[in-house]
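Subject: Structure for you, with notes

Hello,

Here is the structure I promised to pass on. Please open it alongside this message.

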Amino acid sequence: MSRLILSLVAAVSLPSALLAKAPLVFAAASLQESLNAVADAWAAKHHERPTISFAASSALAKQIDAGAPADIFISADEPWMDDVQKNGLVAPGTRVSFLANTLVLVAPAGSTGTIAIKPGFPLARALGDGKLAMADPDSVPAGKYGKAALTALGVWQQVQGKVVRGDSVRAALAFVERGEAPYGIVYATDAFASKKVRIVNVFPSRSHAPITYPIARLSAASSPDAEAFRRFVISKDGRAIFRKYGFLAHFPNAN
């Protein structure tokens, strides 16, 4: 009789176990190391570790717009989150801009050249016959910030023909890591994550829009842990992890 009861309990419990699933997070490529560390910390609290898909924010937003079954979206800029939100795909009250970053010029670690970033700085001359690695300046946030900065500083026209475009900021970083481009424009956190590049200089913050990262739970979220994980990401513990990876954390509306 006791075996029969245990079998019945197991049969009743099985469907709910099958229905439970870890959150699926779509996140900007620049968050790879930091968000994986946050996910590990969450799992250490006896939760199912989230599944994270990293790519350019532009690509992820388009996938969400097309119906991809993600639970949480973290973008590297506000416009791509705006795109998802205007299509009614963001759960009300869950959007928070919670991180900030810095834009930098990088070069291979073994190089020695220096460039002062200021209006009219000689980037084209420094490139010579080489390429400037950037995330796609027409769609990917890091590339858009980079183009805006170079335009504001009056050098975009001189270098635009030398740009090699990556489909994400990490692809742009890889061009420099492999020595295929003498210079690249990435986030400071990307440079910190690589031992194969060095930071040549930092772009003035006024040369581009603020680099902020919004997070939101999506209206189609199906994971029962989605909201709890979103809150953990923007919690005090989450903030501390992101800071270790070079992000600037600001939480004006965190809850």
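First, the ground rules. This is a predicted model, where local features need pLDDT of at least 70, side-chain atom pairs count only at pLDDT 80 or more, and totals for chains, interfaces and linings use all residues. Residues are numbered from 1 along each chain as its sequence is written, and side-chain values use heavy atoms, with hydrogens and water left out.

The sheet

Helices (H or I, at least four residues) and strands (E, at least two) are DSSP runs, numbered from the N terminus. An open sheet is built from 6 strands, in the order S2-S1-S3-S10-S4-S11, with mixed pairing. Two strands pair if DSSP finds at least two bridges between them. Strands S2 (51-55) and S11 (248-249) are at the edges; each has a single partner strand, so one side of each lacks a neighbour in the sheet. S4 (residues 96-100) and S11 run antiparallel and are joined by 2 bridges. Leu99 sits opposite Ala249 in S11. Helix H3 (residues 57-65) packs on the sheet and touches S1 (24-28), S2 and S3. Contact here means heavy atoms within 4.5 Å. The direction of H3 makes about 145° with that of S1. Axes are lines fitted to C-alpha atoms, for helices over the stretch in contact, and angles run from 0 to 180 degrees between N-to-C directions.

The core

Buried means under 20% relative accessible area, exposed over 50%, partly exposed in between (1.4 Å probe, protein chains only). A nonpolar core is a set of buried Ala, Val, Leu, Ile, Met, Phe, Trp, Tyr and Cys residues joined through side-chain atoms within 4.5 Å. The largest one has 67 residues. Leu35, Leu132 and Leu150 have the most contacts inside it. Leaving out residues up to four places away in sequence, Leu35 touches several residues, including Val25, Ile52, Ile74 and Phe229. A second, separate core has 13 residues, among them Leu60, Ala70, Val90 and Ala216.

A buried serine

Ser75 is in the loop between strand S3 (72-74) and helix H4 (78-86). Ser75 counts as buried because its relative accessibility is 0%. Its side chain reaches the backbone oxygen of Asp77 at 2.7 Å. Beyond four places in sequence, Ser75 touches residues including Ala28, Trp80 and Tyr213.

Aromatic pairs

Rings of Phe, Tyr and Trp (its six-membered ring) pair if their centres lie within 6.5 Å; planes under 30 degrees apart count as stacked, over 60 as edge-to-face and the rest as tilted. The whole structure holds 8 such pairs. Trp42 and Phe229 are edge-to-face, 5.6 Å centre to centre, with 65° between the planes. This pair links distant parts of the chain: Trp42 is in helix H2 (residues 32-43) and Phe229 in helix H10 (residues 226-233), 187 residues apart. Trp42 is buried at 5%, and Phe229 is buried at 0%. Phe121 and Phe203 are also edge-to-face, 6.4 Å centre to centre, at 70°. Ring pairs also join Phe98, Tyr145, Tyr187, Tyr213, Phe242 and Phe247 into a cluster.

Helix H8

H8 (residues 169-177) is mostly covered, with 7 of its 9 residues buried. Arg170 is one of the buried residues. Gly179 follows H8 and has a positive phi, near 75°.

Best wishes

Conventions: A polar contact is a pair of N or O atoms within 3.5 Å; within protein, one must be able to donate a hydrogen and the other to accept it, and residues adjacent in sequence count only if both atoms are side-chain atoms.
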